[in-house]
Amino acid sequence: MSSPMPGFTHWRTRASSVSTAPGDNRRRHDSTEFGSSPPPSSVIGIDHPSRLSSSFSGQREPIRSFIHGSGREHLAPKDSTHTARTVREDTADLATYVLTDGKDEGSRSFLQRSRPSVSDVFSSEPVESEAGEDRNQDVILEVSEPPSPNDGEQEPEDEGPSALANLLRKSPPQSIAPDRSRPRKGVGHERSLDEPEDLRSRRSTRGEDAADDEEHTENTPLLSGATSRSRTPDEDVEDMRPEPRKSWMGGLKSRAQGAGRHAARTFAVAANPKQWDGKAIWQTCCVAPASCLPAVCVGLLLNILDALSYGMILFPLGKPIFSHLGPAGISIFYVSTIISQLTFSTGSIFKGSVGSELIEVVPFFHNMAQKITDIVGVENPDAVIATTIVSYSMSSMITGLVFYLMGKFKFGFMVGFIPRHILIGCIGGVGWFLIATGFEVSARLEGSLEYDLDTLHKLTRPETLPQWIVPLVLAIVLFWGQARVKSKYFLPLFILAIPLIFYIFVLSLNALEIDNLRDKGWIFEGPPAGEPWWYFYTLFKFTLVRWDAVAECIPAMFALTFFGILHVPINVPALALQCGEDNADLDKELRLHGYSNFVSGCFGSIQNYLVYANTLFFMRSGGDSRLGGYMLAALTFGVMTVGPSLVGFIPVMMVGCLIFDLGFELLLEAVWLPRKKLKLAEFLTVIAIVLVMGIYDFVIGIGVGIVLAFVSLIVQTSRVSAVRSTFAGDTVTSTVRRNPSQHHYLQRVGGQIFVMRLTGYLFFGTIVSVENKIRSLLDHKTFSEKPIKFLVLDLWHVTGLDYSAGEGFNTISRLLGKKDVVLVLSGVEDDSQLGRNLRAVGLGANGTEVVMLPDLNSALESCENELLKTLYARQAEMNSTKRVATASLDVPKQTESSFSSFDPPFNSPRQTHLAEAASDAIRSDEVQQPQKWQSFKEPLRLMLQIFQGLSDKNEDFWFQLTHYFKRRELAAGTVLFRRGEEANGFYLVERGILRAEYDLPQGWLCESIMPGTTCGELPFFSETNRTATAQVERECVVWQMDREGWKRLQQEEPEVARELLRVSLKLTSERMSSITSYILTLAG
């Protein structure tokens, strides 16, 4: 390991640049010139070093989460802005150093200044108290400005609803401003031109027209009576001030009052026949209902078909305990449908909305019924039924509560985070379940469909085979016909034709008897005689309910709720798109679904929702009105009251055909149609969900789908590289305008800076690719060919990271530390969550050097400064090793070793590269910088320094130019010129820092202009306006050529003017190349 180079301390043993060491007085003086007060010591963590070190001692263990205070209660304070200022001071010192001869020891003091590291804040070494006292003496405390004198306390003004209202209210035009020089009477009561005479006279008696009698002066407003009425300054000129938010009780009260007033008006009109409008009565009572009647009939038919398809199988009819509850299931279906229909017809934005049972509840209900039966036992049928029906109702109330809370707190958008292929898989699982239910219902199997030989034997018995084959064949024909026939009446006509043809055969053939067919399973068993539609309410026997069994069904209830909430955020936007409704409010619709489901549960019924297909069918049939919805609810209630007696005459094949057809449609939608749209992993997830739901368990199937989706998401996200782009330092540089000699040197050694821009959220899946990329850079062969000294990780586009990613950064820092590569993190604000998370995992606390800077430009500037320090350290070493002639040869002195810290075998390939580049640059400078330049007066020496390598002219030639420049001293904060101004000056920077800001509509860019460079040459020589605003950041000395001087130079010394113009174009070309490279890097 080589010894440290002269003027440098080892990276690991350097003190923080924010601490004060002997010889730092000059730097503190420079920071005063910077133009901003130093940050408080409490911010940068140097006021109480002992307390800082003690707060971190004993807390080296890695934390497991980013919960503040769990692992590290007090994170080390870190001021990245102060770090950037320290980098800027180094840049200025380096630019000034190149303009001097370098012999002054004070001018090289900045070479001993180290860059601040994250490891500094973890250091437990105490700081000397004397230094702290001196530092505190230099700190200028900021004194708050006294409050502005006011006549009195002012209440906060109530802001208007818009910026226009506030502008007009707070800033009235001067032309109508009140005259404050004398008292005014009646100015605030302007009247309109068409004001009645009597009102005008009444106002005059109150003195409101006194202003009309006043003498008109030159201050009298010309538009004193132009407005219809006066507005006070605090009045909302748009009349759109938001109303105060009412409580739900106040809103309910106002609605009740409005309904009462409406009822009173209606009663008053009804009691007075003279006010009746015959045409309106005919339109309202006859025409409107008649126009809705076709759509109502279609909707009623759909409700009946759905009741036979889903309501009939609400209970597992294959089990003996529930075999007689088919009519009860239909009644429960109708109650839920009526409640939903009334709710959506009253409050939904879709006037023709149709509500119905959520068909996907059937598999979950069967699962709950089976679980309750297993817990309670078949020997207690009444308790099983009571517990089951209570569980059904409770699940509806839970679903309604979740719907309402999502709408209340506007969480509807969260459903968009659930992968769509999960929903597709669930739909396919429901399709599988319906096909299996079709076999159970058609073949009259006892229990559920089991996938074994015993079930196959039952299905293939001669008396059972035609019972399921006939509805299966009918379903296949119906399914095929729906794909070929586009008429909307095909499905209802086909379904109605089944019982018609069935009873034609029954009545035509004497061998077929209805009672015999019912006993053999061809016709459903009817309810007992006299059983009303409300029979299911008698099943609510709360004394028999097993609440432990209800608790066991809670997971299924929440799974059912999860499946239910997937539909509404999909159906509502899709229906709004189909109907052209631009004002659909998803949160309002969610709240309506909450009301509907909760009320349905309270009435002993089940879940419901706004059915997309039925609503579209209903609206296209002419039912786009709330009246049509109310009529549909009324007719559905009428069918419910007479429905149970009709169940005993419904053919089983009719219901089986409907169930099979719906199962085919759902499987087609979930498995066949998306096969080319989904990725392979997503399609396999869909298949897995369908199989697990259909064969094993519905709730487990949803869980499997979520787990598979999560795994698929991790795999897919991990394949997306977190590395946005990579660059080398010789490709992209900072926007600092440096001396040409420094610029050329950095072009040679810039390859030792490697920039890696990261993006997205870093987690355990993406940090691996970052780590592998860095390992490839540090590979022995790659590192030997392209050694690097600085690795800049730009985190500007990183949105966050988890604990695994934080530990990954620790691993990266250790890998870089073994190669003595400095890790620089850019785009990390000191108080940002990202910066706190990185320090929470102890990044930089293990002895490795980590530097955090607020942006990529500061990071590049810091790395370039360190490389330039190597150049000047090499220059100082070469000067110190030059042999000095002795006066006597009698006693020869001991010769110094010819080896240095830069020479092999004490260095690495990376250090050799730096030494060779530095030596070449120094030799080149020695040729281009004779010692006699240092004795030249300004601005000749400055011109020779700036123009070296850009012109072959000597000092005699450029001496003619010195008379056209004027010296200017600029204090910090001075604006040299602004964007858009005329370019009246060309500047040579001798000392200080200029900051040029390009604030354009396309974005913002900042450029630092250092000593030994030029400023403002392109607009000046091209006679265009300034493209940037230049401000003095640190006290400057510049040499200015104004417009008059440039004209005189062109007339008196045209050859010098032409050469100056060529040099300025070369300088501009280099700067444009650097800035373009930096901008493209940011865009990459």
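Is the crossing of α14 and α25 left-handed or right-handed? The crossing is left-handed, meaning that the near helix is turned anticlockwise from the far one by less than a right angle.

This is a predicted model, in which local features need pLDDT of at least 70, side-chain atom pairs count only at pLDDT 80 or more, and totals for chains, interfaces and linings use all residues. Residues are numbered from 1 along each chain as its sequence is written, and side-chain values use heavy atoms, without hydrogens and water.

**Helix pair**

Helices (H or I, at least four residues) and strands (E, at least two) are DSSP runs, numbered from the N terminus. The axes of α14 and α25 come within 8 Å and cross at roughly 160 degrees. Axes are lines fitted to C-alpha atoms over the stretch in contact, with angles from 0 to 180 degrees between N-to-C directions. So α14 is roughly antiparallel to α25 (over 145 degrees).

| Helix | Residues |
|---|---|
| α14 | residues 420-443 |
| α25 | residues 652-672 |

**Strand β6**

Strand β6 spans residues 822-826. Five of its five residues are buried, so β6 is largely enclosed by the rest of the structure. Buried means under 20% relative accessible area, exposed over 50%, partly exposed in between (1.4 Å probe, protein chains only). V822, V824 and S826 cover one side, L823 and L825 the other. Strand β5 (residues 790-801) runs parallel to β6, joined by five bridges. L793 stands opposite L825 in β6.

**Cysteines**

The structure holds zero disulfides (cysteine sulfur pairs within 2.5 Å). C657 is buried at 0% relative accessible area. C297 is partly exposed at 42% relative accessibility.

Key: Angles under 35 degrees count as roughly parallel, over 145 as roughly antiparallel, 65 to 115 as roughly perpendicular and the rest as oblique. Two strands pair if DSSP finds at least two bridges between them.
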